[in-house]
Amino acid sequence: MTAYPSRIAVDEAIALIRETAHSHRTGAESLAFNRAGGRVLADAVRAPIDLPSFDNSRMDGVAFAQASLADGVPTWLRLVGAQYAGVAGGLQVGPGECVRITTGAPLPTGTDTVAIREDIVERDGGMEIPAGLSRGADVRRVGEDVQAGADVMRAGQVLTPARTGLAAALGLATLTVARRPTVAVFTTGDELVEPGLPLLPGQVYNSNRDLLMGLLRAEGLEPTAWPTLPDDPERMQVMLADAASAFDVVITSGGVSAGQKDHLPGLLDAHGRIVFWKVRMKPGMPVLFGQWDRALFLCLPGNPVSTLATFLTLGRALLDSLQGRDDPRPAWQARLGAPWRKEHARLEFLRGQLAPDGTGGLRVLPNTADASHQLRAAADSNALIVLPEGARDYAAGDIVDVLPY
Ligand code: AMP
Ligand code: MG
């Protein structure tokens with residue numbers, strides 16, 4: 001085999017993934033704004049108009065010129081009309097006059113202030129306005145939210161629903177976003193059988209395919225699942241080469257350790273290129289990353305919890321980099337709900353229950369079933385607890401990083 005980094009730290013693995021993915025960026029496409037939710041913006045978004053785009057009322061009430069008000073005492077103003085939202089303003093309001101106005105309605109010419117309905121008294125064909133209103137009260141000024149020409153979003157940001165709403169408010173019908181990577185998912189292993197079929201002696205049900213499909217769909221992708229690969233290098237080579245020529249990313253589970261039946265490292269080395277093999281993490285140590293034809297290959301270890309932990313850390317880093325995402329994933333910290341003896345030198349991911357601690361912080365209770373085949377503990381949990389490299393005794397209350405999933 002050719003030389004490649006091995007037994008590297010998680011941070012080094014992420015750096016190598018980012019570097020490799022950078023030259024495989026997916027490129028941009030133009031999408032209708034209402035189809036672009038969850039995508040990564042490929043260009044900055046510049047506001048073509050001001051928001052608000054005209055001065056308007058913040059409340060239902062009456063509008064008038066503040067100069068019409070007497071000092072320190074209520075003022076009666078003659079009612080000369082009404083201005084509703086959605087209608088161009090043509091009203092002229094003179095000194096000593098007022099108009100009814102609704103929320104969002106443009107301020108008529110001659111007015112600069114709004115008094116809210118609840119504070120005014122209607123009598124004798126006019127309105128009594130309370131004392132003490134300052135000029136501009138309850139008026140929303142043109143451009144006070146967004147000024148035309150401003151960059152309101154940057155390339156690399158993810159389109160959240162609020163950002164889609166902002167694009168819509170600015171009248172932007174299309175947005176330029178990163179193309180979603182195409183992803184092929186393979187599970188490997190002669191022992192695997194699909195749920196719904198009988199389980200023969202020595203077989204296990206295939207949990208990782210749908211674990212991975214769910215994780216990928218949660219990232220907004222439409223992954224393609226391939227039939228399970230047998231532990232047969234010739235047959236693996238044919239199917240993987242096929243996927244390698246057609247997909248941006250190939251994600252596999254199993255067959256990456258040093259066992260007699262672990263063929264992926266050899267195949268990737270022979271037909272493509274290994275970028276790294278083995279990362280100092282627990283679980284997930286044998287994870288392999290490389291390239292074959294046009295696809296980047298992320299080969300995850302087969303133990304289900306290893307698959308989960310390596311996907312959440314390395315898999316998401318790969319997908320993010322391919323799309324140029326630089327919006328950071330939220331970084332969370334919590335206090336350990338129980339002591340933990342960390343015996344391994346490797347960076348360790350535990351599974352745990354994360355919840356508010358009732359005093360404004362978060363608490364995470366590690367699940368004691370910490371082996372990489374114990375999927376039940378992962379299913380009972382909602383976060384990975386990240387314990388950095390080095391053996392250490394953790395006390396209850398110690399602050400740790402957590403990755404919610
Ligand atoms: P491997 O990485 O192929 O050596 O597999 C490690 C362990 O994970 C073995 O016990 C496999 O049976 C198990 N395993 C591998 N792939 C899957 C899968 N797709 N679903 C459930 N268990 C798996
Ligand atoms: Mg296997």
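In the predicted model, the side chain of glutamate 191 places an N or O atom 2.5 Å from an oxygen atom of ligand 1. Backbone atoms also approach the ligand. For glycine 255, a backbone N or O atom lies 2.8 Å from an oxygen atom of ligand 1. At serine 207, a polar backbone atom is found 3.0 Å from a nitrogen atom of ligand 1. On its own, ligand 1 has 480 Å² of accessible area, of which the protein covers 77%.

The shell around ligand 1 comprises 14 residues. Glu191, Ser207 and Gly255 are among the closest of these, together with Asn206 and Gly302. By residue class, the shell consists of 10 polar residues, two nonpolar residues and two charged residues. The space that ligand 1 takes is the second largest pocket.

Cysteine residues were examined separately. A search of the whole structure returned zero disulfides. Cysteine 98 has a relative accessibility of 0% and is therefore classed as buried, since the class requires a value under 20%. Cysteine 299 is likewise buried, because its relative accessible area is 0%, a value that falls under the 20% cut-off.

Technical notes: Residues numbered from 1 in each chain as written. Chains lettered and ligands numbered in written order. Predicted model: local features only at pLDDT ≥ 70, side-chain atom pairs only at ≥ 80, totals over all residues. Heavy atoms only, no water. Near = heavy atom within 4 Å. Polar contact = N/O pair within 3.5 Å; in protein donor to acceptor, adjacent residues only side chain to side chain. Areas by Shrake-Rupley, 256 points an atom, 1.4 Å probe, with all protein chains shown as cover. 1 Å grid on protein atoms, 1.4 Å probe; cavity = no way out; pocket = protein on both sides within 12 Å on 5 of 7 lines; lining within 4 Å. Sits in = over half its atoms within 2 Å of the grid points. Nonpolar A, V, L, I, M, F, W, Y, C, P; charged D, E, K, R; others polar. Disulfide = S-S within 2.5 Å. Buried < 20%, exposed > 50% of the residue type's maximum accessible area, 1.4 Å probe, protein only.
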